[in-house]
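Hi,

Here is the structure I said I'd pass on. Have a look at it first, and my notes come after.

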Amino acid sequence: MFEKSYDVVVCGGGIAGTAAALAAARRGQKTALIEKTIVTGGLATAGLIFVYEPLCDGNGTQVTFGIAEELLLAGMKYGPGDIPDWRRAKGAKEAGRYRIIFSPASLVIALDELLVQAGVDIWYDTLICAANVHDERLTAIEVENKSGRGRITAKCFIDATGDADIAHQAGLVCPTSQNKLAVWILEHTAGVNWPQEKSIEQVSMYAGCSAADKKRGPLGIDGGEVSRFVLDGRAKYRDRLKKEYGTGQKDRKSLFPLTLPSMAQFRTTRQIPAQYRLRDEQDWTHFDDSIGMAGDWRKPGYVWEIPYHSMLPVGLKNLIAAGRCTAAETDAWEIARVIPTAALTGEAAGTAAALAVVDGISPDEIPAIKLQDALRRTGSKIHLEDVGLVPKR
């Protein structure tokens, strides 16, 4: 056993966790980031989901700022990526908006640099095994890595696991969602003259669900189901290769996988039981406790404010959620789960955790106006009115 203590511990090193750790550390808090793999970025990097969805509304207005924008720009620091001329666009499709296609490996390198510069203590290859709760307050997590099993205490914790793992391990009953479709497997195959030309083709495949499961989709919270999902997806890819090879036009030297996702690409699994749950058709809604805005990446002209209370669990103190395990339902979850919103809620969670540590309180006790003021000072825009848009609700 070993024991460590921090001001803020961020559980999960995806985009949400990275943003949270940066926000907390930059406010002077001793911050740890616990990640089960050896890369930051989560689905964006280990999952090969290398589209940084738009920060604008599709009509020339930027709606997401702060660390979310910083991470988008970081994605182009050590690799390719181009931002289109989005400011003059009206009714633009996703490809014409403020977004990029990035190299996952390049983003990892950039995120590492930002975290180290901020003074974050990064724990790679570390699995969170248990959550310790006393008097409805999260007091510690138990982890395992090459050093053995240990205990990490903190004044405030952030659940950025994507699957609400900390809330679940703390004993909360977490809502779940079935993935509407089998999840895309994104893979690269090398071109004919690789590595000389280094031409890359992106191949998208549906990962494996049985015929009976395709309508409902997998939940992604059962160990056996996760393994089957991954194996079935790879089997489908092998079938594709065999079919291509059978034509005689390509062979194993001209067409082969260059890399595979190193995590299962589930979109919606568990979320925290929150004080408020963002609902369908709440786009263009003003929330007094908003922590920022997100555009709808699927269609232009739709903007959502994200309420702070959707990040706060019921029945557990000293914990705040960020990313796709914040509380949202069906269509609203499609907005909450993607990269810009994950970074947005991550920055809000890290900022709230830092404020809570300074004041000696739980994050659910922080007045929304105090958090909003802190976010504005670092460049965030909070409400629709802040960017010249008018709420409809």
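This is a predicted model: local features need pLDDT of at least 70, side-chain atom pairs count only at pLDDT 80 or more; totals for chains, interfaces and linings use all residues.

**Helix packing**

Helix H1 (residues 15-26) and H3 have axes that come within 9 Å and cross at roughly 25°. Since angles under 35 degrees count as roughly parallel, H1 is therefore roughly parallel to H3. The H1/H3 crossing is left-handed. On the H1 side, the contact uses Ile15, Thr18, Ala21, Leu22, Ala25 and Arg26, and H3 brings Leu107, Leu111, Leu114, Leu115 and Ala118. Sorted by type, the residues of this H1 and H3 contact are nine nonpolar, one polar and one charged.

Helix H2 (residues 67-74) also packs on H3: their axes come within 9 Å, crossing at roughly 130°. H2 and H3 are therefore oblique to each other. Glu70, Leu71 and Ala74 make the contact from H2, while Leu107, Ala110, Leu111 and Leu114 make it from H3.

**The cores**

Which residues touch the most other members of the largest nonpolar core? That core has 69 residues, and the answer is Ile15, Tyr52, Leu71, Ile158, Ile291 and Tyr308.

Setting aside neighbours within four places in sequence, Ile291 is in contact with Ile306, Tyr308, Met311, Leu344, Thr345, Ala348, Leu371, Leu375 and Ile382.

There is also a second, separate core of 26 residues, with Ile128, Ile141, Val143 and Ala154 among them.

**Ala131**

Ala131 lies in strand S6 (residues 127-134). Is Ala131 buried or exposed? Its relative accessibility is 14%, and buried means under 20%, so Ala131 counts as buried. Apart from neighbours within four places in sequence, Ala131 is in contact with Leu138, Ala140, Ile141, Ile166, Gln169 and Ala170. One of those, Ile141, is also in the second core. As for Phe50, which is 81 residues from Ala131 along the chain, the two C-alpha atoms are separated by 32 Å.

Cheers

How values were computed: Residues are numbered from 1 along each chain as its sequence is written. Side-chain values use heavy atoms; hydrogens and water are left out. Axes are lines fitted to C-alpha atoms, for helices over the stretch in contact, and angles run from 0 to 180 degrees between N-to-C directions. Helices (H or I, at least four residues) and strands (E, at least two) are DSSP runs, numbered from the N terminus. Angles under 35 degrees count as roughly parallel, over 145 as roughly antiparallel, 65 to 115 as roughly perpendicular and the rest as oblique. Contact means heavy atoms within 4.5 Å. A nonpolar core is a set of buried Ala, Val, Leu, Ile, Met, Phe, Trp, Tyr and Cys residues joined through side-chain atoms within 4.5 Å. Buried means under 20% relative accessible area, exposed over 50%, partly exposed in between (1.4 Å probe, protein chains only). A crossing is left-handed if the near helix is turned anticlockwise from the far one by less than a right angle, and right-handed if clockwise. Ala, Val, Leu, Ile, Met, Phe, Trp, Tyr, Cys and Pro count as nonpolar, Asp, Glu, Lys and Arg as charged, and the others, Gly among them, as polar.
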